[in-house]
Amino acid sequence: MKNILVTGGAGFIGSNFIKYILDHDPNVNIVNLDLLTYAGNLENLVDISDESRYTFKKGDIRDRVLVNQLFNEYDFCSIINFAAESHVDRSIVEPDIFLSTNVIGVQVLLDTAMSHWKTEPHNKYSKEYRKSVKFIQISTDEVYGTLGKSGMFSEKTPLAPNNPYSASKASADLVVRAYYKTYGMPVNITRCSNNYGPYQFPEKLIPLMIANCQEEKPLPVYGDGMQIRDWLHVSDHCAAIMCVLEKGQAGEVYNIGGNNEYTNIDIVRMIVKELGKSESLIKYVKDRPGHDRRYAMDSSKIKSELGWKPSYTFEKGLSETINWYITHKNWLDRVRSGEYMEYYEKMYGTVNV
Ligand code: NAD
Ligand code: TYD
């Protein structure tokens, strides 16, 4: 059995990934380290709470003592780091926590993994690592900044982040790269486009619009609504991360996109139509400062080198996602009311697991 540390596994992508890897690889034990910030929700993982190959630990990736203890206990062969502050709008209001979690947290994970994985742990200059160890940093297309009407981001596009969130993710990518170049640490960086699918926190575009539309509340569209994102279904993203875990070459970056470019206003209109509501709910509001105009990912490297390709069309993925939120109204209501935060206390009491 391989012990894998997944950090931030109570969030949207991490919780989908944990279920995906447990389903697809019988030889993994997953330890999920998550601080349970507002974005962490153990109700996302309720269907695997009795799974013997899954363990939850509440804690902070910036806590060196804790991360070291976990390594001593589980002797991880891989870390997949999803833990982050992930919402651009929050980063504009409060950048500090973004720099702290998204950069320093990554350095703590790298340092700890390095000291456990080196064949000579006390020799910083040795580049010898135990076999089959790997650190995967889950990054974002936003590190590349913004595109004009044409072109795509490739792995060689220079980093040019435009908001505190993307700046923190770009900084983390550079730290991960430096640990590869300086210490020979076996790392991969994956940069994905905008994810959508079940269990996404309803502050992001698609779940927010579905939730508001169902309740016939205003649908706030920033600026002119003509910004373009490339949408990736979360299960296609999970498959890509597994490919990188199994086959990614040390030190390489892989772009992961869905090849689904849509303007924000088109997405909102599709949701309104699918839910049978009126477009009069759409309200244009003040634009986000530093708002990137267009993202588009060239994913040819992961396709040709690792054999990954997305399976979802956007039409199918969006329709399934809308249906998921309709049939999981209880999940959505508990997130919107804040009740989901009581789940940890109820499940684990005051005992720190
Ligand atoms: P999310 O906000 O839903 O989840 C983040 C998780 O990290 C939460 O469970 C939270 O409790 C946890 N966390 C935060 N700070 C922590 C800390 N200090 N220690 C331990 N856990 C902590 O985010 P997501 O949408 O699932 O994104 C996961 C990763 O993917 C992030 O790194 C994000 O930057 C990246 N990403 C997301 C998207 C997207 O569309 N959602 C796109 C590109 C990249
Ligand atoms: P978001 O889901 O926050 O993801 P990101 O900023 O990481 O791309 O936003 C997606 C797009 O939707 C982005 O261009 C901002 C826009 N948007 C709105 O127009 N209204 C909203 O209420 C939200 C949350 C986002």
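**Cysteines and ligand shells**

Analyst: In this predicted model, the count of disulfides comes to 0.

User: Is C192 buried or exposed?

Analyst: A residue counts as buried under 20% relative accessible area. The relative accessibility of C192 is 5%, so C192 is buried.

User: What is the distance from C243 to the nearest cysteine sulfur, and is C243 buried or exposed?

Analyst: C243 is in no disulfide, and the nearest cysteine sulfur, that of C238, is 12 Å away. With a relative accessible area of 12%, C243 is buried.

User: Which residue places a backbone N or O atom 2.8 Å from an oxygen atom of ligand 1?

Analyst: The shell around ligand 1 holds 30 residues, and the closest include D34, S86, Y165 and K169. Another polar contact comes from D60, whose side chain has a polar atom 2.9 Å from a nitrogen atom of the ligand. The backbone of F82 has a polar atom 3.1 Å from an oxygen atom of ligand 1. The backbone atom at 2.8 Å from a ligand oxygen belongs to I13.

User: How much of the accessible area of ligand 1 does the protein cover?

Analyst: On its own, ligand 1 has 830 Å² of accessible area.

User: Which element gives the most residues to the shell around ligand 1?

Analyst: The elements that give two or more residues are α1 (12–24), β5 (134–140), α5 (164–183) and β7 (194–196). By class, this shell has 13 nonpolar, 13 polar and 4 charged residues. The element that gives the most, with 3 residues, is β5.

User: Which residue has a polar side-chain atom 2.4 Å from an oxygen atom of ligand 2?

Analyst: Ligand 2 is surrounded by 17 residues, with P220, R229 and H291 among the closest. The side chain of R288 has an N or O atom 2.6 Å from a ligand oxygen, and a polar side-chain atom of N264 lies 2.9 Å from an oxygen atom of ligand 2. The residue with the contact at 2.4 Å is E142.

Definitions and conventions: Residues numbered from 1 in each chain as written. Chains lettered and ligands numbered in written order. Predicted model: local features only at pLDDT ≥ 70, side-chain atom pairs only at ≥ 80, totals over all residues. Heavy atoms only, no water. Near = heavy atom within 4 Å. Polar contact = N/O pair within 3.5 Å; in protein donor to acceptor, adjacent residues only side chain to side chain. Areas by Shrake-Rupley, 256 points an atom, 1.4 Å probe, with all protein chains shown as cover. Helix = DSSP H or I, 4+ residues; strand = E, 2+ residues; numbered from the N terminus. Nonpolar A, V, L, I, M, F, W, Y, C, P; charged D, E, K, R; others polar. Disulfide = S-S within 2.5 Å. Buried < 20%, exposed > 50% of the residue type's maximum accessible area, 1.4 Å probe, protein only.
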